Protein chains: 2
Amino acid sequence: MVSFDSIREKLKESGIASSVQRVKVLEYLHECKCHPTADRIYGELSKNGLDISLATVYNTLNLFEEKGLIRILSLEGSENRYDIMTHDHGHFICEECGSIMNFEVNLNSSVYLCDESLSDFKVKKRDIYFRGICPECIEKEKGKEK
Amino acid sequence: MVSFDSIREKLKESGIASSVQRVKVLEYLHECKCHPTADRIYGELSKNGLDISLATVYNTLNLFEEKGLIRILSLEGSENRYDIMTHDHGHFICEECGSIMNFEVNLNSSVYLCDESLSDFKVKKRDIYFRGICPECIEKEKGKEK
DNA sequence: GTTCCTGCAAAAGCTTTGCAGAAGA
DNA sequence: TCTTCTGCAAAGCTTTTGCAGGAAC
């Protein structure tokens, strides 16, 4: 559980002025493990009685990304999704149910992932997306086949 | 150099009916190493006298993607880009100049990249994006500092 | 002759922007 | 009080869709 004040503190550390909306958006991203869309964030916060607009959600998310608090996941063919920045991890997208899951990435081996062709490049961010079918949907498929 | 007929053959193999527009789009993707946007493809082909519309470009690209001929790169905050499907490779995006470059990925090590957490998943596609600054822009920066 | 592909224009998202009023320090 | 954040609505872009005419086989 992350307290209101610790979120405010986090914003301050990142050089972002506090506001009710900003705190609530960041709090939601911390608590929701679902890589939400902007619209989802807007919907959930509104539902809980917060006075906020979709435009503010977008502006806030862009600000957070700029300051390095979150990541924007842009998945082909649909809205962007937003992910709280923690340790480095990959994203698995299920083509069947659309859910997005984190998976661990071994950073050491990712350094060796590419050959020397990148030695002259300054790499700042690594995004790794895998797509396929999640265990749950594999089970469902099996059920159908019977 | 890829001939008109060999492109037609390729379409046929993928179960796609031929048309002038489809052949030209695929040909352009083969020859252009630049990961073009749909609009760029439309512009270039029109300029060369082909009668084609932007809607057809999009429809064609989506069809190609469905049939596994190309990949859609969705880069946050801008239009999609399209990449002819060859061997597995990663994409480096320069945050300075926006250019997109391929880099080699060692597939064997990418298998070991993630821990066992993915062992129950059926992985079909792997997309790897690195972001940072390309050698050319690093040089430019150095020039400015002097 | 049939099938289905294309161009056009309009529609449909998602995201950003401008501005006046409100909140925060 | 002064700054700047927010909500609203409108605009901006990219992408998709419907339909009639035309190309492909």
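Reader: Which classes of residue make up the lining of the largest pocket?

Author: There are 6 nonpolar, 6 polar and 7 charged residues in that lining. Keep in mind that this is a predicted model.

Reader: How much space lies in there, and which residues are closest to the centre?

Author: The largest pocket holds about 290 Å³ of space. Its lining counts 19 residues, and Leu75(A), Glu76(A), Gly77(A), Ser78(A) and Arg131(A) are the closest to the centre.

Reader: Which elements supply at least two residues of the lining each?

Author: Strand 3 of chain A and helix 4 (54-66) of chain B are among them.

Reader: OK, strand 3 of chain A then. Mostly covered or mostly open?

Author: Mostly covered: 6 of its 6 residues, 89-94, are buried.

Reader: And what does strand 3 of chain A pair with, and in which sense?

Author: With strand 4 (residues 100-104) of chain A, the pairing is antiparallel over 5 bridges, and there Ile93(A) stands opposite Ile100(A). With strand 5 (residues 122-133) of chain A, the sense is parallel, over 4 bridges. Cys94(A) faces Gly132(A) in that strand.

Reader: Which residue has a positive phi in the hairpin of strands 3 and 4 of chain A?

Author: Gly98(A), with phi near 80 degrees; the hairpin has 5 residues between its strands.

Reader: Why is Thr86(B) called partly exposed?

Author: Because its relative accessible area is 49%, and exposed would need over 50%.

Reader: How far is Thr86(B) from Pro36(B)?

Author: They're 50 residues apart in sequence and 16 Å apart in space, C-alpha to C-alpha.

Conventions:
Residues are numbered from 1 along each chain as its sequence is written. Chains are lettered from A and ligands numbered from 1 in the order in which they are written. This is a predicted model: local features need pLDDT of at least 70, side-chain atom pairs count only at pLDDT 80 or more; totals for chains, interfaces and linings use all residues. Side-chain values use heavy atoms; hydrogens and water are left out. Buried means under 20% relative accessible area, exposed over 50%, partly exposed in between (1.4 Å probe, protein chains only). Two strands pair if DSSP finds at least two bridges between them. On a 1 Å grid over the protein atoms alone, a cavity is a set of points where a 1.4 Å probe fits but cannot get out, and a pocket is an open set with protein on both sides within 12 Å along at least five of seven lines; lining residues have an atom within 4 Å of a point. Grid points are joined across faces, edges and corners, and a volume is the space filled by probe spheres set on the points. Ala, Val, Leu, Ile, Met, Phe, Trp, Tyr, Cys and Pro count as nonpolar, Asp, Glu, Lys and Arg as charged, and the others, Gly among them, as polar.
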